[in-house]
Structures are given as C-alpha cells and as structure tokens.
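Hi,

Here is the structure I said I'd pass along. Have a look first, and my notes follow below.

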Amino acid sequence: MDKPLTSKLRGDGTVVDIAAYERAGGYEGLRKALGLQPQDVTEIVKRSSLRGRGGAGFPTGLKWSFVPMGANAPSPKYLVANADEMEPGTFKDRVLMEGDPHQLIEGMVVSAYAIQASIGYIFLRGEYHLSAQRLRAALAEARARGYLGSNILGSGYSFELYLHVSAGRYICGEETALLNALEGKRAHPRTKPPFPQVSGLWGKPTIVQNVETLCNIPHIVANGTDWFRGLSLSEDGGTKLYGVSGKVNRPGLWELPLGTTIREILEEHAGGMRNGLRFRGVLPGGASTDFLVEEHLDTPMDYTQVQKAGSRLGTGTMVVLDDKTCPVGMVWNLEHFFAQESCGWCTPCWSGLAWTEKILLAMEQGTAEKQDLEVLRFQTKFLAPGNTFCAFAPGAVEPLQSALKYFSDDFRRHVDEKRCSWRQ
Ligand SMILES: Cc1cc2nc3c(=O)[nH]c(=O)nc-3n(C[C@H](O)[C@H](O)[C@H](O)COP(=O)(O)O)c2cc1C
Ligand code: SF4
C-alpha cells in the first residue's frame, strides 16, 4: 500500500535531510508544478478531492479558487501553514515536521505557486522545539538549493518562507486568531466574512492550510489525481494519518487509506485494548469531537461517515475510553483544558465553560446536586454553533454532550452517590 506521507520517515527518529529527500523523488512535484500554469495546479488539487486535514475538512482546491488571481489581484498574497497542533490527543503534524520537514516546505512552495503567494509562514506550536530546529535547518537547505527565495529553479517565481514560533494558546490554531497572532495582535478570532482567502494577513489574500494537507500537495502534482483518489477507500482522496491514544496495546500513528474503519485502526493497528480492559467509547477526531461507542466501530473514518455516525473526523487522532476509566473524570479533564483555553472574547464561551468545568469537578468530588445535570445539558445548547463568536466553544462541548447521551448513568451515579466510584 502506498504511504506517500510517511514512507520516507526513518525508524530511528533521525531527520530526512535534503539529499535523502531528493533521492526519494523530493522536489519533483515542485519542478512539475513550475512547468504548469498556477490555475492548472489549483485545478489538479480540486480534482484530487483533497479535503483539509486540520479539522473542518473543507475542499482544498476549492478554497484556493477563491483567491483573487491575475495582474490586478491585491499584493502580496500569503500562504500560512497551520502547525499549531494544540488539540489534546493530536500529534500527527509533529511527526511529519520532525521526520520529513522538506515535504512540508515543498508542499508550501507548490501551494504558494498555485495561488501566486510571495510570502509564507509556518505558524508552529511553541512547544515543538525539535520541529523548530529541524524546520530551520531544512529552510536553510532549501534556500541554498534554489527551492526557496527569488527566481525558484530559474522559473521567475519567487517565494520567501519564514518560521514563526507561537507564543502559545489553543485558540491560535483557529485560522483567523492565528492571523491576528501573526500580526502581533491579541489572538482572538475575526469575523467571517471576509474570509482570509480574500482578506487575511494584513488585509491581503491569504490561504491557511494544515500541515498534513500541505504535505499531500507535491505527491498529488507528481503522481496525478487518479493515483491520489485511488489511495482512498472513500469518496474523498488520499491517505490519512490516524492516531490512537488511551489504554490500547500499541498507541501510535499510522498512515492508512482514508475511510479505514475505527475497528481496524483500534484492533489491527493499535493492537486492541490493554490487559483485559473493555472498549467503552472513542473521541474519533481529537478532544473536540463527539464520543462514538461500540455500535459505531465499523464506521469508516472519513468525513461523511463519521458525521453520519454523529461525530466529526476532526484531526483523525482518536482518544479511547475504557471501562475502568471514569467518563465524567475524562470529560472534566477536557473541559478543564477548554475552560483554560477560551480566548475570553465572547461571554457564553468564557463564562459557560468555566461553569461547566466547575460542575464536572463537583461531580467528581461528590458535591454536585441533581439539578446540575440539567445545567450541564443546558450548557451544551448554550454553547452550540451560532451562539458564540467561533467554533471553539461548540467543539469544546462535543465530548460533554455525547458523554451525557452515552454515559448518562455514570453522571447520575456521581450525583446520587455523591462520589466518583472510580476513585475509591
Ligand atoms: C479552536 C480551534 C483550533 C484549531 N486548531 C487547529 C490547529 O491546531 N491546526 C489546524 O490545522 N487547524 C486548526 N483549526 C482549524 C483551522 O481554523 C482551519 O480550519 C485549518 O487550519 C484549515 O486548514 P485545512 O483546510 O488544511 O484543514 C482549529 C480550529 C479551531 C476552531
Ligand atoms: S467562542 Fe471562545 S474561543 Fe471563540 S471567540 Fe468566543 S471566547 Fe474566544
């Protein structure tokens, strides 16, 4: 099976340098792209059915087609790699950047060429020190070989790419908050419209794209859309990096066809549950997605099917709940994180999440009252899409709303018995 994103990664954890990257066919996608018209590159990506791997799953080529093109287009245009990756349980972009930084750089130059951006930034999570070190070295290598800078490979096209290390808040991953942070402003989300494709960084057309999304681009251009669509078991193209954390035998990350079932990922790749523990549920796409349970194990992990099952593909990195872990405690832990990370811009979010976290903690400590269950249910509606300024708050209550649906007995027992029975 083809694993374009990870096949070059080294088992010993060392980095793929530029010589090894070129030997494996690296920068061939860029050479091919530079021989095409920019709009043709966008058309190829559109036909490939690549959807964004950062969480929302928006079709990548379609997003690029909104960028103004031609001599009268605003200038400069920007391309930003979203490498913030602060979603609890998610570590896929780190693996790509640490192991094979040139893949991201090539993906960015090809993408920038398609939209005719002249400046790019990699917006990197502050804690990713090894990624920063390896990306800096790879940027220097790429510049020295003529893959970056002015007149790339003699094509007449120029693109400068900079690494920006984030000061560090979860909300910086939301693309418009990220743009504010890059501009040196407070990192709160911006109103949309206008969308960044038209008015982004410093008011100029900007594409923000997830690291995994960008890493796919050179392979699509080099190998074609039929090849890319053929990698997938679903209607959308490509492979997907799927991760599993929790009490399984082999927590990890695997590149598999998009649409591989949850069961196959958990049982074959993650080695099943550890030490006789039983599977109880899974957050399929990182912390801010709804729980799925046993009846959903045969769901293909793609955008459409996971949504049909009642959750979201999100980042594709799963967090597993077993039968010896308290679901209320697990959800409290997540809401504690989200309450801390609210950017404070709108009241339902900063106030609602703080309240939610307080009630969940009271349940764990045995001091919650019966009516608190209703307050929790109310909060999930209060923070639903449309009631807050950005998608952070609705995402934050997804694990809670689904836990209240699937594990309601556990919540009730905490209130009735005034204790958490897992703590005894
Ligand atoms: C609170 C919040 C945090 C986010 N964090 C990230 C992140 O760390 N990385 C990422 O790629 N997308 C993140 N996103 C999604 C981005 O806003 C955006 O949709 C994405 O970067 C677009 O890239 P894609 O189309 O390649 O997925 C986040 C969204 C929200 C609402
Ligand atoms: S929903 Fe939360 S994170 Fe988003 S703008 Fe409002 S306060 Fe900030």
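This is a predicted model: local features need pLDDT of at least 70, side-chain atom pairs count only at pLDDT 80 or more; totals for chains, interfaces and linings use all residues.

By class, what residues does the lining of the second largest pocket have? It has 8 nonpolar, 5 polar and 2 charged residues, where Ala, Val, Leu, Ile, Met, Phe, Trp, Tyr, Cys and Pro count as nonpolar, Asp, Glu, Lys and Arg as charged, and the others, Gly among them, as polar.

Residues are numbered from 1 along each chain as its sequence is written, chains are lettered from A and ligands numbered from 1 in the order in which they are written, and side-chain values use heavy atoms, with hydrogens and water left out.

Back to that pocket (on a 1 Å grid over the protein atoms alone, an open set of points where a 1.4 Å probe fits, with protein on both sides within 12 Å along at least five of seven lines; lining residues have an atom within 4 Å of a point). It holds about 230 Å³ of space, counted as the space filled by probe spheres set on the points, which are joined across faces, edges and corners. Val319, Val320, Met330, Asn333 and Leu334 are the closest to its centre, out of 15 lining residues. Strand 8 (317-322) and helix 13 (327-341) each give two or more residues to the lining, and helix 13 gives the most, with 5. (Helices are DSSP runs of H or I with at least four residues, strands runs of E with at least two, numbered from the N terminus.) Domain 2 (239-322) and domain 3 (327-423) each supply at least three lining residues; the bounds come from an automatic or database domain assignment.

There is also 1 cavity of 30 Å³ or more, a cavity being a set of points the probe cannot get out of.

Even so, 11 residues of domain 1 are in contact with 11 of domain 3 (heavy atoms within 4.5 Å).

Cheers
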